Amino acid sequence: MDGARRVLVAADKFKGSLTAVEVAERVAAGLRRVVPDVEAEALPVADGGDGTVAAAVAAGFERREVRVAGPLGDEVTAAFALRDGTAVVEMAEASGLQRLPAGVLAPLTASTYGSGELLRAALDAGARTIVFGVGGSATTDGGAGMLSALGARFLRGDGEPVAPGGGALAEVASADLSGLDPRLKDVELVLASDVDNPLTGPKGAPAVYGPQKGASPEDVEALDAALAHFAKVLEETVGSRAAEYAASPGAGAAGGIGYGALLLGARFRAGIEVMLDVLGFAPALERADLVITGEGSLDEQTLHGKAPAGVAAAARAAGKEVVAVCGRLALPAEALGRAGIRRAYPLTDVEPDVAKCIAEAGPILERVAERIARDFLA
């Protein structure tokens with residue numbers, strides 16, 4: 001790698017410390033201290049979870065804002081990104097954990113209604129392709145709220161609409177999808193997620209992700225039964241495909257909103273693969289001699305569809321060398337090598353105090369980037 005001068009910085013956010021854009025800026029600044037004439041191209045990346053719209057905007061998409069319902073029904077300002085008929089919609093913008101009031105978790109009642117409003121806003125803006133990034137949700141409602149916002153009706157036995165949230169789905173007596181927004185039929189909807197869980201069962205949305213949203217063991221049981229009942233009622237409405245979708249990879253993403261998206265005709269793809277396509281990663285990769293990727297924690301989860309693994313796989317296929325930056329490293333060198341990452345540089349190598357790494361991530365990352373420049377560029 002001697003003499004390399006063109007570097008592509010394609011990293012995800014350091015959650016709680018730096019956005020993906022800030023990671024790229026800090027890395028570039030550190031590289032330039034050692035090699036002033038380095039050409040550092042920034043391409044912030046995301047895997048469909050929170051930060052996906054920001055990555056699209058950094059890549060040249062237009063940011064659009066709209067008022068929608070938050071997970072508890074309060075109005076929030078949410079953003080999506082738009083360019084040339086392609087919209088990037090991030091469900092966490094409307095229905096994410098960060099939209100809950102501080103200290104409040106609502107596993108049984110949080111709704112994805114605002115995510116449906118965001119999709120409708122993308123349709124109103126003329127989107128012909130919608131990349132629907134799901135992750136970081138506060139919800140476990142199987143996408144029922146989202147579908148309701150798009151025109152579906154879910155009624156109790158007394159003819160009244162069911163209440164918001166996954167817990168209330170136990171009371172669904174009938175489902176009517178005939179009122180769904182007709183524009184959905186003419187749009188390519190891509191479900192972008194880094195998880196492939198089914199809707200229910202031991203690997204389903206409530207069991208695996210419910211506890212992160214504040215669900216007790218009893219809540220998990222109730223949500224799993226409610227979602228299974230929801231899918232059964234939908235089977236009576238739309239036929240056997242409702243059961244097939246419930247068992248499909250990605251149905252359990254973001255509290256089951258993946259299931260709702262599949263009912264709308266979405267195609268499931270690994271979030272990072274979709275985003276690399278949308279962000280124009282391939283031409284940027286072609287220009288690079290060295291690729292720097294990374295995220296806050298490089299751990300076992302990274303290897304399962306997270307952004308750095310996707311970047312490294314694509315770079316390796318193109319014969320490019322890859323190194324990674326991270327706050328914390330919990331992978332052995334062999335696992336990194338198998339993922340296509342030659343070496344990882346955690347902030348803790350420079351500053352062993354983890355609290356300081358989180359509080360002063362930017363300046364410490366610049367010092368890490370100086371090390372990379374000396375090892376690979378100088």
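Why is helix α10 (residues 271-279) largely enclosed by the rest of the structure? Seven of its nine residues are buried, so the rest of the structure largely encloses helix α10. Buried here means under 20% relative accessible area. The model is a predicted one.

**The helix**

The buried residues of α10 are G271, I272, V274, M275, L276, V278 and L279.

**The pockets**

| Pocket | Volume | Lining by class |
|---|---|---|
| Largest pocket | about 1200 Å³ | 13 nonpolar, 16 polar and 12 charged residues |
| Second largest pocket | about 300 Å³ | 13 nonpolar, six polar and two charged residues |

Start with the largest pocket. Its lining has 41 residues. Of these, K15, D194, E295, Q301 and K306 lie nearest the centre of the pocket.

Now take the second largest pocket. It is lined by 21 residues. Y113, G145, S148, V162 and P164 lie nearest its centre. Helix α5 (144-149) supplies at least two residues of the lining, and so does strand β7 (153-155).

Technical notes:
Residues are numbered from 1 along each chain as its sequence is written. This is a predicted model: local features need pLDDT of at least 70, side-chain atom pairs count only at pLDDT 80 or more; totals for chains, interfaces and linings use all residues. Side-chain values use heavy atoms; hydrogens and water are left out. Buried means under 20% relative accessible area, exposed over 50%, partly exposed in between (1.4 Å probe, protein chains only). Helices (H or I, at least four residues) and strands (E, at least two) are DSSP runs, numbered from the N terminus. On a 1 Å grid over the protein atoms alone, a cavity is a set of points where a 1.4 Å probe fits but cannot get out, and a pocket is an open set with protein on both sides within 12 Å along at least five of seven lines; lining residues have an atom within 4 Å of a point. Grid points are joined across faces, edges and corners, and a volume is the space filled by probe spheres set on the points. Ala, Val, Leu, Ile, Met, Phe, Trp, Tyr, Cys and Pro count as nonpolar, Asp, Glu, Lys and Arg as charged, and the others, Gly among them, as polar.
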